[in-house]
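Thanks for coming. I have one structure to go through today, so let me put it on the screen.

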Amino acid sequence: MEINLLMSIIEQYGYLAIFFLLWLGIVGLPIPDELVVATGGFLVSIGLLNPVYSFLAGYLGVASGLTIGFLLGKYFGKPILQWLSKSEKMRHAVERSTELLSKYGTSALCISYLFPVVRHVVPYLVAMGGMTYRRYALLSYPIGLVWTIAFYLLGYVFGNHVEAIVGMIRHYGFYTLLILVVVIAVGVVVRKYMLSNRAYRAKGD
């Protein structure tokens, strides 16, 4: 199981493992980025990692991957694109990324996070298209932060079930994650209400 392998690696190498696994995701590491971030959240929930350091390692890994993707696209765009297109899976991702950019323009940077692999290809393409680094950073880093928060919380809340949930999200789409976030938010509100109501009754007694 991927999560067992991840837990073993992270327990052995700590926060650097989270950072480098996400950083290497841009070059096609077979372990899903979502699962790396979620595993960090899970290990925080059971007390094996510090919550702040774990989250920072995850976000900095994501941000560094985004930066590397843009720089590779800017300086080595065509050779990398030709190399990626040799694989049928990556060729499909390149085609989908191109369609997103044609349809949504620079907003495709945000939309690409809904699709595994595609979000790694879009930075290459926008850099090749001449987007400035400043504009790229303003668009990609905030959405990368939101993405990291979402999967970090997913791992923290759902623990060792997170591998199955991440698999569902990758298979059925990012809207599965949005539904889970809504469910979590409702659960937190309900729990808070029940606790405050219980405290009020205890005070009344």
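Predicted model: local features only at pLDDT ≥ 70, side-chain atom pairs only at ≥ 80, totals over all residues.

Start with the surface patch. Leu16, Phe20, Trp23 and Leu24 make up a nonpolar patch on the surface, and together they have about 360 Å² of accessible area.

Next, the overall make-up. The protein has 10 helices and zero strands. Along the sequence the pattern reads α-α-α-α-α-α-α-α-α-α. Of the 205 residues in the protein, 42% are buried.

Now the annotation. An unreviewed UniProt entry places the feature "transmembrane region" at residues 12-32, 52-72, 138-159 and 171-190. I checked two of these spans against the model. Residues 52-72 are 100% helix and 0% strand, with 30 Å between the end C-alpha atoms. Residues 138-159 are 95% helix and 0% strand, and there the end C-alpha atoms are 32 Å apart.

How many cavities of 30 Å³ or more does a search of the whole structure find? The search finds two. The largest cavity holds about 110 Å³ of space. Its lining consists of 12 residues, and those nearest the centre are Asp33, Val62, Leu66, Arg119 and His120. Two elements give two or more residues to that lining: helix H4, residues 51-84, and helix H7, residues 118-128. H4 provides the largest share, with four residues.

Asparagine 50 is placed in the loop between helix H3, residues 33-45, and H4. With a relative accessibility of 30%, asparagine 50 counts as partly exposed. Asparagine 50 and glycine 40 are 10 residues apart along the chain, and their C-alpha atoms are separated by 9.5 Å.

To recap the main points: the protein has 10 helices and zero strands, the nonpolar patch on the surface is formed by Leu16, Phe20, Trp23 and Leu24, and H4 gives four residues to the lining of the largest cavity. I'll stop there and take questions.

Terms used:
Residues numbered from 1 in each chain as written. Heavy atoms only, no water. Patch = residues over 30% accessible without salt bridge, like charges linked within 9 Å, V, L, I, M, F, W, Y side chains within 5 Å. Areas by Shrake-Rupley, 256 points an atom, 1.4 Å probe, with all protein chains shown as cover. Salt bridge = Lys/Arg side-chain N within 4 Å of Asp/Glu carboxyl O. UniProt positions renumbered as here; feature names shortened; annotations may be inferred. 1 Å grid on protein atoms, 1.4 Å probe; cavity = no way out; pocket = protein on both sides within 12 Å on 5 of 7 lines; lining within 4 Å. Points joined across faces, edges and corners; volume = space filled by probe spheres on them. Buried < 20%, exposed > 50% of the residue type's maximum accessible area, 1.4 Å probe, protein only.
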